Amino acid sequence: MIAAGALAAPAGASDARDTPLPPAIAEIMAKPQYANASWGLLELDPAGAVLRSQRADEMFIPGSNAKLFSVSAAWKLLGAEHRFTTPVHALGQRARGTLRGNLVLVGVGDLSLGGRTPRSGGIAWTNLDHSDAAAFPGATLTPQDPLAGIEDLARQVRRAGITRVRGDVVIDNRLFTAAFDPRPTPVMINDNLIDLVVAPSSAGRGARVSYRPRAATLEVDADVRTVGAGKPSQLSVSGQAPGRVSITGTVAAGSRRLVQIAPIAGPGAFARTVFIEALRRAGVRVDAAAGGRNPVAELPPRKSYRRATRVAAYVSPPYADYAKLILKVSHNLGANLGVCLLAVKAGQRDCEAGFAPMRSFFKRAGVDVTQVVLADGRGGDQVDRATPVAVTQMLRYWLGQPGFEAFRESLPILGVDGSLAEVSVTGPARGKVFAKTGTAVGGDPLNNLLAVQAKALAGYFQQADGGWHVFSVVVNDGGGSSGLEATLDASEDLGDIATALWQQANP
């Protein structure tokens with residue numbers, strides 16, 4: 001419930017006129033890298049009054065700042081404590097441990113399905129997620145078994161007394177349909193990715209390559225050589241699961257393990273395979289072959305499942321834990337999934353139907369929806385736009401909510417963790433700014449550069465008396481470089497701008 005009197009009136013176009021900026025910020029914006037760039041900035045004091053503003057009511061490419069909108073909507077409309085219950089139904093006749101019929105695992109949109117859950121609960125994450133391994137070096141894996149939920153369901157089936165399945169095993173992926181990129185599915189194993197881990201040996205010898213999750217329908221061919229220490233590592237991945245994946249190239253001796261990824265192109269078929277294999281490990285004989293297509297023609301009508309046929313169920317951690325993963329590491333698949341879950345909550349299957357309840361929520365939260373354009377949940381569509389005014393309105397909404405502390409702590413912390421772990425690590429504001437990053441980069445073949453289409457940073461910091469400032473800073477068309485140098489420089493510059501704002505509030 002929104003506390004009607006908890007916030008000052010949100011800043012709009014009329015009270016977000018340009019103001020003078022501190023010299024430290026003006027100098028950053030005047031760097032040669034930003035000669036052709038457009039900057040937007042808005043900072044509000046704890047009462048909601050404008051402190052600093054530049055082009056705050058103009059539209060900018062937000063990058064992953066869009067996740068502030070999509071995650072906020074999912075958090076509030078689904079509920080912070082919402083848990084996903086993934087059931088398995090035994091459809092057919094059961095006698096003396098034998099099921100003469102089909103075993104059906106029904107997807108409910110659980111992003112992790114146990115694959116990131118430690119024994120203590122919650123959702124594990126690393127500062128640079130495996131889903132970004134193709135774009136950024138240094139991705140690391142969480143230690144949990146990505147098949148943990150599947151294994152748990154298989155053991156439950158065996159404990160329910162089923163020792164043989166004489167029919168088939170089917171994955172019901174009909175909960176929703178999505179056209180987003182990356183595309184969520186109702187059942188997802190390891191973010192619908194295969195992890196390939198390359199560990200160097202000594203120069204001149206083959207590197208050690210491992211992969212997860214394993215499946216009978218997946219073959220991995222590796223031809224990676226170890227080169228001398230200090231030389232560049234160059235890896236190439238092709239193929240998909242189910243099927244054959246190849247990884248070739250070189251890795252430098254003495255370097256850290258490198259993570260690469262390959263797509264799971266048939267999520268239903270892959271989930272079926274690993275579930276059949278898990279059932280067999282649990283002591284359940286399955287007559288059907290583990291390979292092949294997911295036999296969706298065998299599924300019953302969508303809403304015909306009965307509690308009496310349920311033989312297993314995996315219950316997830318609460319949604320707030322997923323939201324923390326999405327915001328900390330800018331998890332694109334999870335952000336897109338949120339839109340789909342809102343569509344399902346509204347009784348629809350097309351994920352685009354999730355935007356209607358999202359829009360209604362924004363209006364109730366005091367966000368001017370005319371200053372936001374969203375075509376996905378992650379901020380990766382070419383039409384996505386937002387003004388600094390709208391971004392700060394979304395952030396200001398949370399200040400009046402009982403879940404503010406949990407939301408704030410779910411954001412990356414400057415110089416400490418998530419997508420801000422390597423930004424401003426030695427600055428005075430380290431650990432004091434909680435903010436969502438945003439990045440949009442693209443190839444520029446004309447100039448042979450990687451162009452910085454957008455870098456954004458928006459969130460909170462506290463002044464000495466305890467009040468929270470809200471800020472949004474974004475740059476579009478911020479130069480380019482042959483590699484990631486311009487992108488990383490822009491990240492550091494936005495961190496320095498946030499530091500300068502913090503210093504103004506904490507002299």
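I began with E4 and strand E6 (residues 169–172), which pair in the parallel sense over four bridges. Pairing here requires at least two DSSP bridges between two strands. Strands are DSSP runs of at least two residues and helices (H or I) of at least four, numbered from the N terminus. Val104 has Val170 as its bridge partner in E6.

The model is predicted, so I noted its limits: local features need pLDDT of at least 70, side-chain atom pairs count only at pLDDT 80 or more, and totals for chains, interfaces and linings use all residues. Residues are numbered from 1 along each chain as its sequence is written, and side-chain values use heavy atoms, without hydrogens and water.

Next I checked burial of strand E4 (residues 98–106). Eight of its nine residues are buried (under 20% relative accessible area, 1.4 Å probe, protein chains only).

Then I looked at strand E3 (residues 85–95). E3 and E4 pair in the antiparallel sense over eight bridges. His89 has Val104 as its bridge partner in E4. The two strands form a hairpin with two residues between them. Arg96 in the turn has a positive phi of about 50°.

Last, I turned to the helices. H2 (residues 67–78) and H5 (residues 319–329) pack at about 175°, with axes 10 Å apart. Axes are lines fitted to C-alpha atoms over the stretch in contact, and angles run from 0 to 180 degrees between N-to-C directions. H2 and H5 are therefore roughly antiparallel (over 145 degrees). Contact (heavy atoms within 4.5 Å) involves residues including Trp75 of H2 and Ile326 of H5.

Terms used:
Angles under 35 degrees count as roughly parallel, over 145 as roughly antiparallel, 65 to 115 as roughly perpendicular and the rest as oblique. Buried means under 20% relative accessible area, exposed over 50%, partly exposed in between (1.4 Å probe, protein chains only).
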